[in-house]
Amino acid sequence: MQVKFQEFNTAKSTYQTDLSLKKTDWGPQQAASIKQSQQVSDSLGFSVHDEVVAADDKKLRWWQWRKRCQVVPTLVEQRHLKSHPSPHQDKAMVLGGLSDNKTSWKKRKKNDDQTTNVTPTNQSIRNKQYKYLGFPNPAQICYMNASLQSLLTLEDFVEDISRQEAIWRSNPDAAIIRALMKISACHSSSDVQHKISCLFSFKNTISLSAQEFQDVCQKDAHEFLTSVLDQIRNLKPSQQRVAASVGRAYKCPVEHHFVFKMQNFRMCLTCKMKFTRDEEFTNLSLDLLPGIGTVEQMIQNYLKRTLVEFQCECGSNTSLQHSSFVSLPKVLVLHLKRFVFFSVFGSIKVRRPVCLTKDLVVTSRQVKSTIGVIKGLLK
């Protein structure tokens, strides 16, 4: 079992460079223009300085927008990576950086090679090392970028979809799968505009069934990911019909990788009557613990026995309830509930730290204990 650990409900983009954002300095010309504006303000009847500040803010906003859309490494970032090599050289590196320089990426890359005397052999190694896995964020779609980055790191999940291409390409209802695979195809590309086109195409496809994602406002990444998995899973009947028409069998990738079953047990404390119910999930939402809690402790807290109010036939309204895993998925998605709603203060973010361990033990009825490696993104 592979454990996918995610912290959602964030408003951060998928990738952030370590370059600090600061206002563009126009140099002596800006100071001179401000001095001239003070001299002519009386004659014009309005402040020229306000116009200069407005132009400066507009330039800053444009620069910040370009930084949010970066997927190609800047010259500074390349030099930083050369002087501080990653300990995971065998893995694809998630890079960002769209330089403010007006020269093209090919020219900057060529100039960088000349200044650092990169040999052809080293150049080919560096090209294999860099994969531009960042997603641009021209609007407030960071919730979607975070969800897609999580899905695309699951190579077996993407491969299962790719192997059944003949089925979902022949099914007109499978537009969401086709849109997802287009994003997968351009994931390592440096073409920003093509990535933006694929992202908004996927967003529009999702919005056909989930209208809450039609606008460009901030949304909940956990709700978006759940909607994506549910929509792919709901295609199973139509996908099976198309597969049967061409003499093939269809295996739902969501059910194969994400779906797990849990049993809810409840017992009345007065008459001892027992109630059980099995439910299927694609992810598990966990409450944060006081202090520094581990993921395993949060799972145990979710499964522990608790007293709940329930009106039994005997007249009692107190029951004992607990949950247990009936089956485990290949990928267990864990959602940490960092936002708590209060009627007076509204929504408040809980900033308690979480301790991560390399291994996580989860017990189910089918498997006594399963150890999964935590592989995920912290937002």
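This is a predicted model: local features need pLDDT of at least 70, side-chain atom pairs count only at pLDDT 80 or more; totals for chains, interfaces and linings use all residues.

Reader: How many bridges join strand S4 (residues 260-268) to S5?

Author: Residues are numbered from 1 along each chain as its sequence is written, and side-chain values use heavy atoms, with hydrogens and water left out. Helices (H or I, at least four residues) and strands (E, at least two) are DSSP runs numbered from the N terminus, and two strands pair if DSSP finds at least two bridges between them. Here, 8 bridges join S4 to S5, and the two run antiparallel. Within this pairing, Phe 265 has Thr 276 of S5 as its bridge partner.

Reader: What happens in the hairpin between S4 and S5?

Author: There are 5 residues between the strands, and Lys 272 takes a positive phi near 65°.

Reader: In what order do the strands of the open sheet come?

Author: The sheet has 4 strands in the order S5-S4-S9-S8, with antiparallel pairing. S5 and strand S8 (306-309) are the edge strands, each pairing on one side only. From one strand to the next, the twist averages 30°. S4 and S9 also pair in the antiparallel sense, over 7 bridges.

Reader: Which helix lies across S4 and strand S9 (318-325)?

Author: For angles, axes are lines fitted to C-alpha atoms, for helices over the stretch in contact, and the values run from 0 to 180 degrees between N-to-C directions. Helix H14 (residues 295-303) lies across both strands, running at about 135° to S9.

Reader: How many of the residues in S4 are buried?

Author: Buried means under 20% relative accessible area, exposed means over 50%, and partly exposed is in between (1.4 Å probe, protein chains only). S4 is mostly covered, with 8 of its 9 residues buried. For the protein, buried residues make up 42% of the 379 residues.

Reader: What does Asn 264 touch?

Author: A contact means heavy atoms within 4.5 Å. Asn 264 is found in strand S4 and stands opposite Ser 323 in S9. Not counting residues up to four places away in sequence, Asn 264 touches Phe 275, Thr 276, Arg 277, Glu 279, His 322 and Ser 323.

Reader: How many salt bridges does the structure hold?

Author: Side chains of opposite charge can pair when their charged atoms come close. A salt bridge is a side-chain nitrogen of Lys or Arg within 4 Å of a carboxyl oxygen of Asp or Glu. The structure holds 9 salt bridges. One of them pairs Arg 233 with Glu 280, the closest N and O atoms being 2.4 Å apart. Arg 233 lies in helix H11 (residues 221-234) and Glu 280 in strand S5 (residues 274-281), so the pair ties together parts that are 47 residues apart in sequence. Glu 280 is partly exposed, at 44% relative accessibility. Arg 233, Lys 236, Glu 255 and Glu 280 are linked in a network of salt bridges.

Reader: Where do Arg 163 and Asp 160 sit relative to each other?

Author: They are 3 residues apart in helix H7 (residues 155-163), so about one helical turn separates them. Arg 163 is partly exposed, with a relative accessible area of 48%, whereas Asp 160 is buried at 7%.
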